[in-house]
Amino acid sequence: TKPVYAFEEADSKKRMLLGGKGAGLSEMTRLKLPVPPGFTITTEVCNKYYDNNRKLPKDVMPAVMKNIAKMEKKTGKKWNSTKNPLLVSVRSGAAISMPGMMDTILNLGLNEKTVEGFAEQTKNPRFSWDSYRRFIQLFGKVVFGVNDEKFDHVLDSAKAKQGVTDDSKLSVESLKNIVSEYKKICEDHTKRKFPDTPDEQLILSIEAVFKSWMGERAIVYREKNNITKDIANGTAVNVVAMVFGNMGDDSATGVVFTRNGNNGKKELEGEYLINAQGEDVVAGVRTGKNIEFLKKDMPKSYKELSNACAKLEKHFREPQDIEFTIEQGKFYLLQTRTAKMSASALVKTSVDMVKERLIDKNKALVRIPAQQLEALLHRTMDESKIKNYKQLAKGIPASPGAASGIVVFDVKKAIELGDSGNKVILVRKETKPEDVPAFFSSEGILTSLGGKSSHAAIVSRGMGKPCIVGCPELKINYDNNTCTANGITIKEKDTITIDGSAGTVFIGEVPTVEPQMTKDFEQILDWAQKTKTLGIRANADTPEGAKLARKFGGQGIGLCRTERMFNGSDRINLFVEMIMAENIEERSKILTKLGQLQKSDFIEILQAMEGYEVTIRLLDPPLHEFLPNPEELTERIQKLKASGDTDGVNKTEIILKRARELAEINPMMGHRGVRVGITYPEIYEMQIRAVFDALVELTKKKVKAHPQIMIPQISSIAELNHIKRIYDRIKKETETKHKMKLKINFGTMIEVVRAALTANELATTAEFFSFGTNDLTQGTFSFSREDVEGKFLPEYMEKELLERNPFQSIDVNGVGSLIKIGVSAGRQLRPNMEIGICGEHGGDPNSIKFCHSIGLSYVSASPHRIPIAIVAAAQAAI
Ligand code: ADP
Ligand code: MG
Ligand code: MG
C-alpha cells in the first residue's frame, strides 16, 4: 500500500490503516461535506518507523510533498510562501480514538518570513503573530517536550508589561517579542536552532506524532482500556489545511454530539466558542456556550451543522461526535467519530435507532460495549435522605452515577490514596491527559472548569465513573488544598458525595440506593435474553442477592458459597466455637445449631430462585480463616493483661493456640475444600443434611426448589466418591424419614488441574461440573491470585508478556484447554451434562464469548454483572 493517501482517494473502510480520524475525514470528503483538504500518512508507516529504528521510510516525505502540492491547488495557497502561505495542522489518529492521548500541532508553516505573508493574506498582523506564537508553543511542547509553564510565564509577563489581562489585547510588538523569547526557550532546551523551514517543521512534527504512540500516556491508556494490537496498531498522521475559528466575531469553533451523550435524547448536544480555536473547547480552559445559542448567533452555520449531523448519522448509523470550525462565516468539519456515550445513552439510542429503522436489533445489541452497562447498575443517591445533607455546589452533570469519597486535589496523592484502598473523589480545576491514571484510582471526578466535552467529562464517561464539570462557584485553592463554595470550605480528606446524573455535590456521605431499570434497558435485556443461548446464573449467598439476581434476569444460582453464611454476625461466634470444640460430641452439638441456621438460609434462597437450579457449594476456605490472626490475638492478650482480665487472657490464649495449630504457610493450597470435608466429615454432613431438610420443607410447601450440592477442591474421583457415600447415606435417611423421593444433583467443581485432566473419571459420579476458573487459573499459571496485582503482573502487561490479566479474562490457550478437556470428557459419558463456570470470569464479556463458543450450559456471575453477562452472551450468539 501507499504510505500517504489524500482524503479524497483513501478507502475509508480501512480504519486499521488510516486510523479513525483519517477514515472519518476521508468519508466526510467522499460525502461532499465541507472538509479542508488534507491527507493521511498510514499506520503502516508508523510501524515501519519503529521497525526502522525510529526513522521515516524514504518514500514518505516525497509522497507527503506531492500531497502538499495537491493541497496548494485546492486552497490556492502556497507552501512556504511569503505572500499567501498554506498552513496545516498535524494530527494523530489511531484506529481506536484515544481522546487527548496523543498530540496535535496547529498553524504549521509559519516562520519569520511566512508570518508576514500570512499577515498580508489575513490583513491582520496581530492575529498572524498570535498564530505564530501559538505554533511555537505547541511545536516546542510536542516536538521538543518543553514544559508549557515556561511559555505561560513569558506570556504572563508580556501581558503585565503591556498592562493588559486579555491575550487578544497584546500588541504586534509584544507578540513579536514573545515569539523570539519562545524560540529562545526552545533553543535553550534543545541546544539547536529553532527549525525555520516548513519542510523541516513538518518532518519533525510527523515524527513527533509517531513517537507519541509509544509515549507513556498513550501506553497507559491502551493498557487500561485493553486496546491491543489487533484493535489498533500504531497511529496515523493527518495533515489538514488550517481553518481559523479565531478570525473575529464571524468565526467560531465547537464540538457537538448528534445525540445527547449523557441521556441519549435525539438532540444536538455540545458547545462552541466565538472567535476561538478548537483546542480551547476541547481542553476545557474556557466553558463554551450551549450549541442551542448558535441558532441565533449564526443561523446559516447552524443549519449547515445540523444538516451535516443528520447526514453523518444516517451514513454511519451511529451517533457522531463532531468537531467543526466556522471561518468568517464559512462552515468546516474537522472530525467525526462514533460518539462515546454513557451507558444509558447507549441503551436509549439503541432502542431509538431500531424504532427509527436506522439499525436492526442485532446491531442494537452489538453496539453496546457490555462492560459499560455496569454504570447503569450503579447506585444513585437516596432521594429520601438527601434533605439531611447540605449541598455544596451544583455543576454540569457529565457522567452518571453517585459516588462518595474523600476530597483529594493532588493527582499523585489521589493515585496513592486510591490505590491503598481509600475512596477518593478527585477535585481539580480541569484535568489533562497525564492525569488519567488518577481517574482509575478515584471513585469520581469533579472539576470546576470545562463543559460536557472537556477532557474530564469524556474520559470519565468512557470509564463509567461519575463526573461533574463546570462548577464555577467552586473555588479551588491548590496552595492550601481547600475548595470553597457557598461560603463553605472543604479541606483535603473531607468526605463529599457527587451525583454525576444531577450534577450535585453534597457534603458528607449521602446514602445511595440500588439502580432503577429503565424501560429502554428492559427492552435491550429482553432482546438479549431472546438472542442468547448461554444460561446466566448468579453467584449469590443471600436471599437479597438471589432476589436481585432474579430481578436482573439471572436464571438460577451457579455458586452459593456456604462459608459466607458463617461470616454473619449472628453465627461467626458459633462457628468459632465449633472450631474450638475439643471433641466430636461438643462439635456435633454446635453443628446442629449451625445446621438449623443454614437450613433456614437455604430455604430463603431456594424460594427466591423457585423454578431454577441453585448450586450450593460446601465449605471451601481453611478453618483458620474464621479465627482472628495470631498477631491480632497476641495484641489482644497484651491489652487484656494490662487491664487485669485473667479470665479473658486465658480464653484468648486458647484461641491463639488453636489459631497457631491451624495456621498454614500456603493456605490456598492447604487444608481447605474437600480436604476439610474429609478430615472433619461432621461439617459436610451438617451441610448436606441442611440442604436435604430445606428441600423437604419446601417440597411440603409445594415450592419448586432445585438445590444441587457441589464439592470444592476435588482432585480425584476417590475424594468425590468418599463424600458421595456421605451424601447417599443422608439422602436415604431423609427419604425414609419423610417418605418422599428427593432429587438433589451431586456434582463437583473443577478448579484443580488434576480434576480437569481426570474429568472422565469424575463424570462417573458427578452429575454436573462447574469450573472454578479463579483457582484453576491460579493452578495453571502457578500465580497467586492474592499477590500478582501488586507485584509482577503490571510489568508483565507493560512488557506485553501477557495480553490480559488472566484473573479477569480467561486465558483461552491454557486454562481454556483444560476447560475443553473437562467438557469433552464430561459430555462423552453424560451427553447432556450441565457444565458451567463460576468465578470472576463469569461476568467478563471476553470470557463469556469463549464459554459460549465451547458450548457451556451457563456462566455464573455476581448479581450486579448479570445484565452485562446477558448482553455479552447475546453478542456472542450474534
Ligand atoms: P484530538 O484528537 O485531541 O481531538 P485533534 O487532532 O482533533 O486532536 O485536534 C485538536 C484540536 O485542533 C481540535 O479542536 C481540532 O478541531 C483543532 N484542529 C485540528 N486541525 C485543525 C485545522 N486544520 N484547522 C483548525 N483547527 C484544527
Ligand atoms: Mg479531535
Ligand atoms: Mg475455588
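A polar contact is a pair of N or O atoms within 3.5 Å; within protein, one atom must be able to donate a hydrogen and the other to accept it, and residues adjacent in sequence count only if both atoms are side-chain atoms. This is a predicted model, where local features need pLDDT of at least 70, side-chain atom pairs count only at pLDDT 80 or more, and totals for chains, interfaces and linings use all residues. Residues are numbered from 1 along each chain as its sequence is written, chains are lettered from A and ligands numbered from 1 in the order in which they are written, and side-chain values use heavy atoms, with hydrogens and water left out.

**Exercise 1.** Find the polar contacts of ligand 1 with Ala241, Lys21 and Glu323.

*Solution.* Start with the backbone: an N or O atom of Ala241 sits 3.0 Å from a nitrogen atom of ligand 1. Next, take the side chains. An N or O atom of Lys21 is 2.8 Å from an oxygen atom of the ligand, and a polar atom of Glu323 is 2.9 Å from an oxygen atom of ligand 1.

**Exercise 2.** Which residues coordinate the magnesium ion (ligand 2)?

*Solution.* Look for donors (N, O and S atoms within 2.8 Å of the metal, or 3.2 Å for Na, K and Ca; water is not among the atoms, so sites may look incomplete). You will find Glu323 (OE) and Gln335 (OE1), at 1.9 to 2.1 Å. Finally, check burial: Glu323 and Gln335 are both buried (under 20% relative accessible area, with a 1.4 Å probe and protein chains only).

Definitions and conventions:
Buried < 20%, exposed > 50% of the residue type's maximum accessible area, 1.4 Å probe, protein only.
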